Amino acid sequence: MPQPQLALYFAPGSSSMAVHIALHEVGAAFESRPLSFWTQEQKSPAYLAINPEGKVPTLMVDGNPLTEVAACLYYLARAFPEARLFPEDDLAAQARIISWMSFNAARLHPSRSQGPDIANAVTRLAENRLGNGPWAAGDYSIADIHLFRLYWRFRNMVKPAPGTYPALDAHHDRMMARPAVIRTIETEAALGYEFPENKPSSK
Ligand SMILES: N[C@@H](CCC(=O)N[C@@H](CS)C(=O)NCC(=O)O)C(=O)O
């Protein structure tokens with residue numbers, strides 16, 4: 001099968017980081033299309049024509065936009081099966097991965113903007129669910145990439161006291177040792193994390 005033409009619209013440190021990591025995990029050639037949240041490039045008419053929600057990620061696949069982290073991760077895992085990010089022949093394991101990614105997208109991510117009580121309560125659910133790991137759904141998979149990005153951001157922003165989320169911390173550390181994660185973080189950090197709460201008032 002010829003390799004699809006891939007391009008990733010992303011903003012450093014945001015949800016799109018998960019797709020960025022997966023692109024490196026599968027070893028795909030892709031074009032980087034960084035957007036700046038500070039200058040609201042994600043709301044520009046040109047980008048809204050591609051993704052009317054004005055959010056990242058958008059993964060362009062042969063010129064067609066694919067949105068939502070879970071869908072982009074699923075696409076990459078299935079398009080590059082040799083990376084073994086999705087078990088091709090284990091229905092129960094596939095369902096566990098979908099279950100985790102549904103939880104990540106529907107509970108964990110939204111909880112970040114629902115106040116500290118809800119954010120902590122849902123993070124506690126993730127912690128208990130992960131248990132002793134090492135990975136979310138058996139072998140390493142796209143569910144781990146999705147979960148990692150959400151906890152990575154939470155950990156850097158909220159700075160929970162050491163020992164609050166030991167399973168998530170251990171998972172985070174395992175992920176941080178992966179070359180695909182290291183490469184993604186180096187690339188995105190070099191561009192600058194433009195989180196709205198860090199925006200200098202002068203800019
Ligand atoms: N449900 C979407 C959420 C994507 C999302 O919320 N992206 C945020 C960054 S983490 C974004 O682009 N925000 C820009 C904005 O809302 O202006 C997914 O999982 O891909």
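How do H5 and H7 lie to each other: roughly parallel or roughly perpendicular? Read on for the reply, after a quick word on the model.

## What you're looking at

This is a predicted model, so local features need pLDDT of at least 70 and side-chain atom pairs count only at pLDDT 80 or more, while totals for chains, interfaces and linings use all residues. Residues are numbered from 1 along each chain as its sequence is written. Helices (H or I, at least four residues) and strands (E, at least two) are DSSP runs, numbered from the N terminus.

## Two crossing helices

Back to that opening question: H5 and H7 are roughly perpendicular to each other, a label that covers angles of 65 to 115 degrees (under 35 is roughly parallel, over 145 roughly antiparallel, and the rest oblique). Helix H5 spans residues 116–130 and helix H7 residues 166–176; their axes cross at roughly 75° and come within 8 Å. Axes here are lines fitted to C-alpha atoms, for helices over the stretch in contact, and angles run from 0 to 180 degrees between N-to-C directions.

Where do they touch? Ala126, Glu127 and Leu130 in H5 meet Ala167, Leu168 and His171 in H7; two residues are in contact if their C-beta atoms, placed from the backbone, lie within 7 Å. That contact has 4 nonpolar, 1 polar and 1 charged residues. For the classes, Ala, Val, Leu, Ile, Met, Phe, Trp, Tyr, Cys and Pro count as nonpolar, Asp, Glu, Lys and Arg as charged, and the others, Gly among them, as polar.

## The sheet

Next up is an open sheet of 4 strands, ordered E2-E1-E3-E4 with mixed pairing. Strands E2 (31–34) and E4 (64–67) are at the edges with a single partner strand each, so one side of each has no neighbour in the sheet. On average, neighbouring strands are turned by 25° against each other, direction ignored. Two strands pair if DSSP finds at least two bridges between them.

Strand E1 (residues 6–10) runs antiparallel to strand E3 (residues 58–61), with 4 bridges between them. Along this pair, Leu8 sits opposite Leu59 and Tyr9 opposite Thr58. E3 and E4 are antiparallel as well, joined by 4 bridges, and Met60 faces Pro65 in E4. The two form a hairpin with 2 residues between them, and Asp62 in the turn has a positive phi of about 50°. Helix H3 (residues 69–79) lies across E3 and E4, at about 115° to E4.

## Two domains

An automatic or database domain assignment sets the domain bounds: domain 1 is 6–82 + 182–198, and domain 2 is 86–178. Their C-alpha centres are 20 Å apart, and 14 residues of domain 1 are in contact with 10 of domain 2. On the domain 1 side, helix H1 (17–26) and H3 each supply at least two residues, with H3 giving the largest share at 6 residues. By class, this side has 11 nonpolar, 2 polar and 1 charged residues.

Around the ligand you'll find Ser14, Ser15, Gln42, Gly54, Lys55, Val56, Pro57, Glu68, Val69 and Ala105; a residue is near a molecule or strand if its C-beta atom, placed from the backbone, lies within 6 Å of it. This shell has 4 nonpolar, 4 polar and 2 charged residues.

The peptide bond from Val56 to Pro57 is cis, with omega near 5°, and Pro57 is in the loop between helix H2 (45–48) and E3. Glu68, in the loop between E4 and H3, has a positive phi of about 80° although it isn't a glycine. Another cis peptide bond joins Gly133 and Pro134, with omega about 10°.
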